[in-house]
Every structure is written in structure tokens, then in C-alpha cells.
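Look at the sequence and the structure below before reading the report.

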Amino acid sequence: MKNPSDEVARAYDVWADSYDTQANATRDLDATVLRSQDPTLFQGDVLEIGAGTGKNTEWLAPRARTLLALDGSEGMLKRARQRPGVERVRFLQHDLRQRWPSADGVHDTVVCNLVLEHIEDLSFVFAEARRVLRPGGHFYVCELHPFRQLQGSQARFVHPETQTTEYVRCHLHDVSEFLNAAARAGFVLAQAGDWRDPGTERTAVPRLLSLLWRAE
């Protein structure tokens, strides 16, 4: 039986070289949303899970005291390591469904962007985030909005060789799944946001959901 995590990693290996150049409104809005957060969230010891090509890593690197960036795709990490200003970042290829390579209580903030649609068991991710965070630390998540997923949206890209649209394996998570997994892990919700494309009407379905939790 195929390992779904390996399947996702292989898809992102193929996508890596064109990820930053192909049109992608979700990627672009996600970067904008992260940069709109309180900058003090990212000044300590930061763990970024699902770093990808480093679109956010590059922004986080000069702000964080230390930064560990994890991703399941070595192809994506290869691109991330080439970004300017990331010399102090520690990059590691890692399956996020397995115990993370951090000791207990060593991070001030965990950052997770456009990752959880690819992970079926949210409880494990939230439990790991709580384990590696110091008391009072924060877990920031920004994901494709469940309402968008219900309309059929998911991670996809144009294969550079075949020019066909490739869909990356994903899982639908209701908002309640995020909230319940966080509560079980010992998090308190600090902030939530529904993010629409710039210039769209209030009635438009949000593209992204952002959630910020505090570790108790």
C-alpha cells in the first residue's frame, strides 16, 4: 500500500522548480496574511513546519532568534536553501506525521502554512506543537479555507513536462476539527481570521482560514 505522505512529498518534489513561478493565488495570499501578523510572534525560537520553497522562511529568518524549518519534500527544501538570508536557518526533511525533531518546550512559536490539508490526523500535529512549545508559546496556522475545499479547491499544479494538471492528495477538515484538536492538546484560541481575495465582495467565499493559539 502506498504511503500517503510519500505520495504528497513526491508530488511536491515535481512541483518544486515551478512552485514560485506558476500563478497561485492561495500561495500569494498566504504570504500576505503571515506578514500581517504581530511581528513579535516570530522573534523567538521558531519552528516552521511545511516550509516548502521557503517563501515564508525567507521572511521569518531575519526576525527569529533561531529558526528550524521542516518539510517532507527534499525538492522543496533544495529551493528553500537557495533563498537569500537563510544561512542561519536549520533545514530538515521530515515526515510531519512522525515525532518532530525537537525536544520538549524549546520553541516560542510554531508556524504552519498550507500544510494540514495533506495530513489526515490533526490531533497528532496539535499534540506535537504543544509538546515542543514553551508555556505561553503560540501555534500559528493558515490553511486553505474548508469552505473552499467544499467547493472542490485543493492543492494542484501544472506538471512541467506533461503540462497536465496534477492534484496533490488532501483531506477535508471542518473548522470544528481544528478547534477540537487544539482544545485536546491544551491550546486556547487567541485569534481567528477568514481571508478573501483582495477586492472581492464580503459575500465571496474566503480563500484562507488563519488561527492563532496560545499554549497553556
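## The model

This is a predicted model, in which local features need pLDDT of at least 70 and side-chain atom pairs count only at pLDDT 80 or more, while totals for chains, interfaces and linings use all residues. Residues are numbered from 1 along each chain as its sequence is written, and side-chain values use heavy atoms, with hydrogens and water left out.

## Nonpolar cores

A nonpolar core is a set of buried Ala, Val, Leu, Ile, Met, Phe, Trp, Tyr and Cys residues joined through side-chain atoms within 4.5 Å. Buried means under 20% relative accessible area, exposed over 50%, and partly exposed in between (1.4 Å probe, protein chains only).

The largest nonpolar core has 34 residues, and Tyr12 and Val168 touch the most other members. Helix 1 gives the most to this core, with 4 residues. Helices (H or I, at least four residues) and strands (E, at least two) are DSSP runs, numbered from the N terminus. Another core, of 28 residues, lies apart from this one and includes Leu68 and Cys112.

## Helix 7

In helix 7 (residues 175–185), Phe178, Ala181, Ala182 and Ala185 are buried. They cover an arc of only 100° around the axis, so they lie on the same side of helix 7. The arc is that of the directions from the helix axis to the C-beta atoms. On the other side of helix 7, Ala183 and Arg184 are exposed.

## Thr53

Thr53 lies in the loop between strand 1 (45–49) and helix 3 (57–60). Thr53 is buried, with a relative accessible area of 1%.
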